[in-house]
2 protein chains.
Amino acid sequence: MFPGPATTNPPRSPRADAVRNHVRVLEAGAAAFAEYGLDAQMDDVAGRAGVGVGTVYRHFPTKEALLEALLLDRIGEAVAAGRKAALIEDPWEGFTTILRRAAEMQAADRGFAELLAAGLARTDAVQAAMAELHETTATVMRRAQAAGSLRADVALEDVPNLMCGLSRVVGSSDRPAWERYLAIVLDGLRADRATALPPAA
Amino acid sequence: MFPGPATTNPPRSPRADAVRNHVRVLEAGAAAFAEYGLDAQMDDVAGRAGVGVGTVYRHFPTKEALLEALLLDRIGEAVAAGRKAALIEDPWEGFTTILRRAAEMQAADRGFAELLAAGLARTDAVQAAMAELHETTATVMRRAQAAGSLRADVALEDVPNLMCGLSRVVGSSDRPAWERYLAIVLDGLRADRATALPPAA
DNA sequence: GTACAATAGGAGGCTGAGTTCCGGTTCCAT
DNA sequence: ATGGAACCGGAACTCAGCCTCCTATTGTAC
């Protein structure tokens, strides 16, 4: 994302303070958006970074651009977590691990939760990242369904949506609370004793 | 809320056009907030009512006041629905009816869903109304738990929260979608075959 | 029919948040 | 050490949305 020293072609490598500030802005943005959600203010980001607003805007031309950079980061984390969960032997446990991890991430980052809930994947880059995330989730789901532990009548796109809904609660409550909600939903998702669902959309 | 003709004391009854516009503003507000959520604009409300902004502000001194009036209405509806559900013979069916109705209301009114999700009961009046709603819900829940159909380890406050989470999905998707989510959650709430929940907060 | 007071309407003020701009400063190449 | 390009900072600008104010209008009592 930021060319290191001795990189390509004509432009020389960026100055040391620029690199330092880029990182600081990124960190400050993460903190601000995690705390206040999408309503976090650019002035606040600048303040946390110990930098003027002008500097923030030099590194990210727009609030949305900063948001995108942070979001891509988070989605990457989620994909990594998903891949790791796919390696867990027990299919059901792999599946629940993904859900729990997703809930944790949303609980820890209000901005992330709001972005997922709003379903706004404006940029192509975000859209691509989200597609990858869905792919990963789908793999784990199919495995759990094949093993007979996840009910077969849940559609692939149901789970991300369900998680998204949960995130609301997750954001506004303490951890023990959403642990319970997650448990309820998981019980609803188990294959045994499930009642018939209405047909997929 | 609006004194009819021949009401109390010194002030004479309001003019006919004032009454007419009051209703129009209320209806326009309901429509606007239902469509755009809390971000609906006062100018839009005025436009829909076929009235100037000034008129809107004469009837409701503030955006929040208009919101409150509408919200109280909706909560009243919800309470009525809850009382009706309490009369259904089968306890479990009564419980599911409440949840379904709540989901329907939120799907139909984005502003209502956002208010519930945000959990902002700023005014005393709203707070009181919400308390009444919770009371009603609690009654139906206790009955379903006593009958052994609703799992006993769900706390009273869990259900409103869970609904709130669902509403997110409800708003952004079509009806068949959230019907399925609701079914999943309900399966998770059934007493039979439930796994142990973490302790209440 | 007339007077009066309440009501309607919408241009403009006010505020807050995102963004721009430019003088001063700092780092890097020579 | 020094020239100059890149970078920094934050005051000022822009724009959108809530709200106010003042004039014209309209309903109601006598």
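Predicted model: local features only at pLDDT ≥ 70, side-chain atom pairs only at ≥ 80, totals over all residues.
Four residues from α3(B) make up the largest share of the surface near DNA strand C.

**Around DNA strand C**
- DNA strand C is surrounded by 22 residues, and the closest come from both chains: Ala16(A) and Lys63(A), along with Asn21(B), Gly52(B) and Gly54(B).
- At least two residues of this surface are supplied by each of α1 (16-36) and α3 (53-59) in chain A, and by each of α1 (16-36) and α3 (53-59) in chain B.
- By class, the surface near DNA strand C splits into eight nonpolar, seven polar and seven charged residues.

**Around DNA strand D**
- Two or more residues of the surface near DNA strand D come from each of α1 and α3 of chain A, and from each of α1, α2 (42-49) and α3 of chain B.
- The class make-up of the surface near DNA strand D is eight nonpolar, seven polar and eight charged residues.

**The nonpolar core**
- The largest nonpolar core holds 102 residues.
- The members that touch the most other members are Leu166(A), Tyr181(A) and Val185(A), plus Leu162(B), Leu166(B), Tyr181(B) and Val185(B).
- Tyr181(A) is a handy one to click on: leaving aside residues up to four places away in sequence, Tyr181(A) touches Leu166(A) and Val169(A) in chain A, and Asp158(B), Asn161(B), Leu162(B) and Gly165(B) in chain B.

Methods. Residues numbered from 1 in each chain as written. Chains lettered and ligands numbered in written order. Near = placed C-beta within 6 Å. Nonpolar A, V, L, I, M, F, W, Y, C, P; charged D, E, K, R; others polar. Core = buried A, V, L, I, M, F, W, Y, C linked by C-beta atoms within 7 Å. Buried ≥ 20, exposed ≤ 12 C-beta atoms within 10 Å, placed from the backbone. Contact = placed C-beta atoms within 7 Å.
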